[in-house]
Amino acid sequence: MSKITTELLLERAVPRSTRLRKIETLNLSKLQLKTGDLDPRLFSRLRHLQKLDLSDNLLDKFPNSLTLPDLRVLNCNNNKLEDVTALKQFPLLEELTYENNVYLTLNDDYKVMFLLENLRLLNGKDITKLANHVRHVNSRKLTSKVTAHWEKFFRDQLPEKYTAEQVKSIKKKFLKSVQTNVVYGPSSLSEFTRWRVKMIAEEFLSYSLGLEINSDTEPEEKTDENEEESTESPSEAAEDVAQVGDISSSISNVLLKPSKRKRNHSKSGAGGKRSKSKANTEEEAEDVSAEPLHFLQCHSKGNSREDFKTQLWSCVFEPVLDSGARKDPIVSSSRTVATCGGESVCLIDCETGTVLKKYKVATEEFFSVAWTTLTMVISDSRKKAHNILAAAGRRGIVKLIHVAADFCYGEIKAHKKPIATLCFSPTQETHLFTASYDKRIALWDIGIPDCDYNFKASQLLVLEAVSIPLRIALVPTCPEQYLLAGCEGGCFAWNIKLDKGQKSRPFETIFQFSDDESMTTSHRVDGLAFLNDDVVVSKSSKPGCIYLWSWSRSFDAKGKGCQRTVSAVILAELEWSTTDMSYLTLSTCPVKEYVFCGDEKGSVWMYNLSNYTSAWGSPKGKRSERRISPTQILKWPELRVNGEQPPEILVNNVVSDPAFTYLVVLTSVNITAIWKKS
């Protein structure tokens, strides 16, 4: 039964009303409303409603037929909205707010600016001038590009007399081609651009050429309220994979021919255009430090080979069970890597490119994975070490997977909002940190399951953040005492020692990275890792900015008071892409003293810092005066799928195994790339 009744609407009207058609202002905030609670038949009686507050609910979308013809002001803050296109049903809307809907992006802002011609204020900002540009200048330029694309590549393919089948075929090819090849504006708006290009292309075919548009889009998958979980065997998982990058072969209609790249020492690697290799030409014999080995498409929604939209976020190599309690990092990792994105988690053999296992939850979007090794009691009271994989994401639930048994044995409902990242303690095998969009970092003891997989999880600690934590790292020299977090609002440190008694704690220190005070509070840190026991690598929202700084020289453990601001002792800056795009994170390989970071063009920037670390380790080590250039930039190979290049490729994450034998690259287009050190 719906939570919304006529009586509730009359009671929540401002002021209270006796008739629905007289209500002009309505407050439906903080009612735990879901999309299904918005009954179009009931809302259609609110003919004169002008202001509607739906903030602090659980809405993931709007029904398409609410019929509020006079609505002028709408507040949707603090919901779970995933799409804004249904808002076009409110053409008179002038003020719209939807802050703290974590799945909405800048692309959605541009969509509503285009769809709502009367919109003046968006999230409290006057967007009149920008909206006019989006509706007119942007549309004019895209229309010109779409028309030119048709004239150049498709006009001659359509015969004077054509059949319905020919129209359908050329329409499908044109729509696919134009969305891939027509580019305009910054890369951060690529989703909006593709959305508008498709719309313009369909209008062009319909009105200019008289080709009738019948949408071929598939209906959305329907899922039950109860989630559907599945674990697939190696043979089943292999059937789901489009191996778009096996060097030695191509599979069915998916073809990729990556070409080797010569070593790049250029200091302007970010500014140059991606080079294109010519087919059937002899390559120069160059010193290539890493070669592309496999390109896999194994996280597709519904196992579709046409899925180039699923974002891949996290990967981590599986620890080797007989590595002596993980003392030797060189042998503490196998060639098996766990990756996550969309509804699935995959285990991949990096050498063969085989998807060994695949775990799916139909209602989930996974953001992070982490490994631990638990000593479990098996039959006859014998003990044996097993690797356990934790996976979490959008639903705020941690899934615990016993990989060898192909079994998800439990879950922890850790947060009410999405979990951005996970991290196990290197010294306490059952201690798991979860960092969430609820601005909290929680420490859990996940327990050890018995032979029947009964276990008990408990929350040990809650770290309060002032903004969303994006990346977390335990300090290597004292992993049971201090935790670092890169957040939307800066880089923070907490004391996590459990003998302090205080279960909920504020941050102890915020690090400032320049003399500019504004860099303290508005400094998004979306990349964070330790290069060694002392050197921290952090990436900020400032374009092209990756800092290396000293933990021991920056943090004074004897300092008094919480929430101190201290200046980070910066050792060096790394030269990186000049993009302002966030959430392209970095990683390190401490054993080989490497830093890796992907960019907005599919490239991987690699920095060998072995020549610098000795100097940085001395108490009087000075800051490097110049930015350190990358040792090498691995360019994304020439790639064709069904004869066409994939859309714009962002590298969301890149991780090497401890020995730097393999490099796993996760992209925004549902492709996992595996490189091997030559």
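Helix α3 (106-115) buries Asn 107, Asp 108, Asp 109, Tyr 110, Lys 111, Val 112, Met 113, Phe 114 and Leu 115. That makes nine of its ten residues, so the helix is mostly covered by the definition used here: buried is under 20% relative accessible area, exposed is over 50%, and partly exposed lies in between, with a 1.4 Å probe and protein chains only. Helices (H or I, at least four residues) and strands (E, at least two) are DSSP runs, numbered from the N terminus. The model is predicted: local features need pLDDT of at least 70, side-chain atom pairs count only at pLDDT 80 or more, and totals for chains, interfaces and linings use all residues. Residues are numbered from 1 along each chain as its sequence is written, and side-chain values use heavy atoms, with hydrogens and water left out.

Next, the nonpolar cores. A nonpolar core is a set of buried Ala, Val, Leu, Ile, Met, Phe, Trp, Tyr and Cys residues joined through side-chain atoms within 4.5 Å. The largest one has 47 residues, and Leu 52, Phe 62, Leu 74 and Leu 96 touch the most other members. Helices α1 (6-12), α2 (40-43), α3 (106-115), α4 (128-153) and α6 (190-208) each supply at least two residues of this core. Helix α3 gives the most, with five. Take Leu 52, leaving aside its neighbours within four places in sequence. Leu 52 is in contact (heavy atoms within 4.5 Å) with Leu 26, Leu 28, Phe 43, Leu 68, Leu 71, Val 73, Leu 74 and Asn 75. A second, separate core has 22 residues, including Val 537, Ala 572, Leu 574 and Leu 650.

Helix α5 covers residues 164-181. Its 18 residues should span 26 Å at 1.5 Å a residue, and the end C-alpha atoms are 26 Å apart, which agrees. The expected span is 1.5 Å times one less than the number of residues. Buried in α5 are Val 167, Ile 170, Lys 171, Phe 174, Leu 175, Ser 177 and Val 178. An α-helix has 3.6 residues a turn, so residues three or four places apart point the same way.

Now the strands. Two strands pair if DSSP finds at least two bridges between them. Strand β14 (residues 366-377) runs antiparallel to β15 (residues 383-393), joined by eleven bridges. Leu 374 stands opposite His 386 in β15. On β16 (residues 397-402), β15 pairs in the antiparallel sense over four bridges. There Ala 391 has Lys 399 as its bridge partner. The hairpin of β15 and β16 has three residues between the strands, and Gly 396 takes a positive phi near 75 degrees. Eight of the eleven residues of β15 are buried, so this strand is largely enclosed by the rest of the structure.

Strand β24 (residues 490-495) has six of six residues buried, so it too is largely enclosed by the rest of the structure. Gly 490, Phe 492 and Trp 494 point one way, while Cys 491, Ala 493 and Asn 495 point the other. A hairpin through two residues joins β23 to β24. These two pair in the antiparallel sense over six bridges, with Leu 483 opposite Trp 494. Strand β26 (residues 509-512) pairs with β24 in the antiparallel sense over three bridges, and Ala 493 stands opposite Thr 509.
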